[in-house]
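User: I am new to reading models like this one, and I would like to know what stands behind each term. Could you set each value against its definition as we go?

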Protein chains: 2
Amino acid sequence: MATMEEVTAFAPGSVSNLGPGFDILGLAVAGPGDTVTARRVPGSGVRIARVEGDGGRLPREAERNTAGVAAAATLRRAGVDAGVELVLRKGMPIGSGLGSSAASAAAAAYAVNLLLGSPLPVEALVEPCLEAEAAVSGRHADNVAPALLGGLVLVRSVDPVDVLRLPVPAGLTIAVVTPAFDLPTREARAALPKVVPLQAMVRNSANIAALVAACHTGDLALLRRAVVDDVVAPVRVALIPGCGAVIRAALDAGALGSTVSGAGPSVFALCDSEGIARAAAEAMRAAFREAGGLDSTAVVSPADAPGARRV
Amino acid sequence: MATMEEVTAFAPGSVSNLGPGFDILGLAVAGPGDTVTARRVPGSGVRIARVEGDGGRLPREAERNTAGVAAAATLRRAGVDAGVELVLRKGMPIGSGLGSSAASAAAAAYAVNLLLGSPLPVEALVEPCLEAEAAVSGRHADNVAPALLGGLVLVRSVDPVDVLRLPVPAGLTIAVVTPAFDLPTREARAALPKVVPLQAMVRNSANIAALVAACHTGDLALLRRAVVDDVVAPVRVALIPGCGAVIRAALDAGALGSTVSGAGPSVFALCDSEGIARAAAEAMRAAFREAGGLDSTAVVSPADAPGARRV
């Protein structure tokens, strides 16, 4: 429990929902992510010294920035009254459906815990990061849990926090394509149905149950049948230009499943090899260009990417 | 593929739903069940020669009895035009929430397939049995699939049929208590909500996903947290006298989880040992007597009981 004067942590972006896992399933993505440097300062409380890479879009007040909220909540949870100054470096687009706010929160919570000598296990950082998410987009852990823990994470409950890592079938790879299109998370969430038919609940429950079974058994044919969402995805597909064509392009390229990542506008494709994921990413970018008139960037990542860590 | 002149098959009762698995999860129960003798007769089509043990409550017309419907659908699926006569012996109560209609269908389908020399794998009998269930209570396979396959079965889809066996944690035992109370399945289904809040879908999906993970990892503490249903169970608990007290008695006796079996009025308790299951069964019977004024019978079964078979 050696405390430090200054430490830097990284947390990755993440794909949430993954089809039937609305608000409960998320996957860490290797590549894009946020970095937070936490430094001891005199006094008490959290201050954000600087934010880089956000084009000036994020609030600098600690209580309105997920890094700041998560840092303060981590101090509280550790029972430490200290002064902490943060520098947040955004390494991923904001409002992309890749868990940008969660990556900031996870990096900050992880850095502050390190700064204190790691009094908390990483699982205990989910709750402080949930507080941060609740401050900007709702109390859901499907991005913060994989951003902290890495890999594929199921969130059974947020009250109390109950998260578990799921096994990832060998070779499973994810392609994520992010179009140059602004779709605020709040707007995407506002478009969601308030109620769903009982039969939709039954189908969604069946598919997430089968997806979990497929992860445990490595049955990729079952995984392909289970990565289905007819409740949340249709609403979001309609908000993103060309999205239907992008999903079809991914499936035509051999993806096991494809739909909107989180609140969008990013679209993911789960694939059984890196080669197919790379082909799917190119096909999806082409479809965004042709059907949506949108430029895009792509990331290809193993499905068992690591979570938050010291850098 | 040796055909026979006469054959008898048994199929067990089953507990469906099991908390968050409404319409998609079911478990075969050792003990109660139905027996069907199928016999070749001249001509074509299915006839029910006799039904025993039903107190005269079941229809004798083949097209209105699940055994008859399943038998005819099995002939069709096998592509055989034959005359078949059935004798159905009910070995379990009707309308109890233990999959009585499904046990009749499964025993009949299994017997007819044997009679034809087993042209169909047992998984292919789910569809004929689904047709039978659809004729009396709705197109759901959460009783017919375990009645055929045994053990714990997840129904990912009924259109097309997509069912899978889940692993059963060692020692897992189920107690089922059936009160002397008439609750027709149609009435129990009519009481269901037509729509549910999106957040209820999220919670239900999270719990069934965690339940599947718990079965794969043998994590009984997780199983305990996941056997939760706040959508369908509350409606059904309210229809059964003393049901709330019965569930509390099961949990107080150490059950991992307890709620209504299928459409009720039976109540199940999942337990981590036979000893606890026996204690839970007694406590539940006492609670039905005291809080509901109802006599009851109890069955204690391993959670990996066998499915349909020749007898």
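User: What distance lies between the C-alpha centres of domain 1 of chain A and domain 2 of chain A?

Analyst: The two centres lie 24 Å apart. This is a predicted model, in which local features need pLDDT of at least 70 and side-chain atom pairs count only at pLDDT 80 or more, while totals for chains, interfaces and linings use all residues. Residues are numbered from 1 along each chain as its sequence is written, and chains are lettered from A and ligands numbered from 1 in the order in which they are written.

User: What makes these stretches domains, and which residues does each cover?

Analyst: In chain A, domain 1 covers 6–166 and domain 2 covers 173–302, with bounds that come from an automatic or database domain assignment.

User: How many residues of domain 1 of chain A are in contact with domain 2 of chain A?

Analyst: There are 25 residues of domain 1 in contact with 34 residues of domain 2 in chain A, where contact means that the C-beta atoms of two residues, placed from the backbone, lie within 7 Å. On the domain 1 side, strands S1 (6–17), S2 (21–41) and S5 (152–158) of chain A each supply at least two residues, and S2(A) gives the largest share, seven residues. By class, this side of domain 1 of chain A has 13 nonpolar, 12 polar and no charged residues; here Ala, Val, Leu, Ile, Met, Phe, Trp, Tyr, Cys and Pro count as nonpolar, Asp, Glu, Lys and Arg as charged, and the others, Gly among them, as polar.

User: What makes S9(A) and S10(A) a pair of strands?

Analyst: A strand is a DSSP run of E with at least two residues, a helix is a run of H or I with at least four, and both are numbered from the N terminus. Two strands pair if DSSP finds at least two bridges between them; S9(A) and S10(A) have four bridges, so they count as a pair, in the antiparallel sense. The bridge partner of A:Ser258 in S10(A) is A:Ala269.

User: Why are S9(A) and S11(A) called edge strands?

Analyst: The open sheet has four strands in the order S9-S10-S7-S11 (chain A), with antiparallel pairing. Strand S9 (257–260) and strand S11 (296–302) of chain A each pair on one side only, and these are the edge strands. Neighbouring strands of this sheet are turned by 15 degrees against each other on average, with direction ignored.

User: Which strands does helix H9 of chain A lie across, and at what angle does this helix run to S9(A)?

Analyst: Helix H9 (residues 243–252) of chain A lies across S7 (173–179), S9 and S10 of chain A, and runs at about 160 degrees to S9(A). Such angles run from 0 to 180 degrees between N-to-C directions, along axes that are lines fitted to C-alpha atoms, for helices over the stretch in contact. Helix H10 (residues 274–292) of chain A also packs on the sheet, where it touches S7, S10 and S11 of chain A, and its direction makes about 20 degrees with that of S7(A).

User: How do you know that chains A and B touch, and which element of chain B gives the most residues?

Analyst: By the contact rule, 34 residues of chain B are in contact with 35 residues of chain A. H6(B) gives the most to the chain B side, with 14 residues, and that side divides into 24 nonpolar, five polar and five charged residues. The S8 strands of the two chains also pair in the antiparallel sense over three bridges, with A:Val195 opposite B:Pro197 in S8(B).

User: Why does A:Ser118 count as partly exposed?

Analyst: A residue is buried if 20 or more other C-beta atoms, placed from the backbone, lie within 10 Å of its own, exposed if 12 or fewer, and partly exposed in between. A:Ser118 has 16 C-beta neighbours inside 10 Å, so this residue counts as partly exposed. A:Ser118 is found in the loop between helix H2 (100–115) and helix H3 (126–136) of chain A, and has a positive phi near 55 degrees, although not a glycine.

User: Is B:Asn17 buried or exposed?

Analyst: B:Asn17 counts as buried because there are 27 C-beta neighbours inside 10 Å. B:Asn17 lies in strand S1 (residues 6–17) of chain B and, although not a glycine, has a positive phi of about 80 degrees.
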